[in-house]
Amino acid sequence: MTGTFFYFAFGSNLLKERLLINNKTAIFKTVAKLENYCLKFAHKSITWCGHAATIVESKHDVVWGVVYEMNTSNMDSLDKQEGVDQNIYRPIEVRVKSMNDVTYDCRTYQLLGRDFGDPSPQYKDIIVRGALASGIPNDYIEFLKSIPDNGNKKKVPIYDEILSLLENSK
């Protein structure tokens, strides 16, 4: 019998359709907050044409995200998607709290690099779409919308793929 684990998504995987590309067992559980961390963007991603989301310890700050329950059989594909094998992200364990104060011990990912920069508008758009679709609090969505982007105008194939998946799911 396959076990499960909880995964806390705070970046592009907020959008379930993006997560499901490589991780078919993901089931949305709840919106949750990670206390004493803040959202930053570091490590220039070739895939996204801009810096990728990470979490950094920061007293009194909060990162909102989504808890998914996944089969442990998807842990390797999630690690691969997050670039663990390339030393881009490292998996960490965090404790998050849902809006109704239920706590979850979750796997999430933190960038190893600290070359902070701006995300591409395409990456930021997927994060905002995921936050909206998930029901993350409006003030945090406004914060996400206010994050400066790098103005990338180049084609971002994964962005187009995700938009196509969203269009086909209507």
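Lys40 is placed over the face of Phe116, at 5.8 Å from the centre of the ring, in what is a predicted model. A separate topic below is Gln81, a residue of helix α2, which spans residues 75-81.

**Aromatic pairs**

- In the pair formed by Phe8 and Phe10, the ring centres are 6.3 Å apart and the planes stand at 40°, an angle that lies between the limits of 30 and 60 degrees, so the pair counts as tilted.
- Both Phe8 and Phe10 are buried.
- The rings of Trp48 and Tyr123 have their centres 4.9 Å apart and their planes at 55°, and this pair is therefore tilted.
- Trp48 counts as buried because its relative accessibility is 5%, and Tyr123 counts as buried with a value of 4%.

**Aromatic cluster**

- One aromatic cluster is formed by Tyr7, Phe28, Tyr68 and Tyr109.

**Surroundings of Gln81**

- Gln81 has a relative accessibility of 19%, which is under the cut-off of 20%, and so this residue counts as buried.
- When residues up to four places away in sequence are left out, Gln81 touches Asn13, Arg18, Leu19, Asn22 and Asn23.
- Pro119 is 38 residues from Gln81 along the chain, and the C-alpha atoms of these two residues are separated by 18 Å.

Terms used
Residues are numbered from 1 along each chain as its sequence is written. This is a predicted model: local features need pLDDT of at least 70, side-chain atom pairs count only at pLDDT 80 or more; totals for chains, interfaces and linings use all residues. Side-chain values use heavy atoms; hydrogens and water are left out. Helices (H or I, at least four residues) and strands (E, at least two) are DSSP runs, numbered from the N terminus. Buried means under 20% relative accessible area, exposed over 50%, partly exposed in between (1.4 Å probe, protein chains only). Contact means heavy atoms within 4.5 Å. Rings of Phe, Tyr and Trp (its six-membered ring) pair if their centres lie within 6.5 Å; planes under 30 degrees apart count as stacked, over 60 as edge-to-face and the rest as tilted. A charge sits over a ring if NZ of Lys or CZ of Arg is within 6 Å of the ring centre and within 35 degrees of the ring normal.
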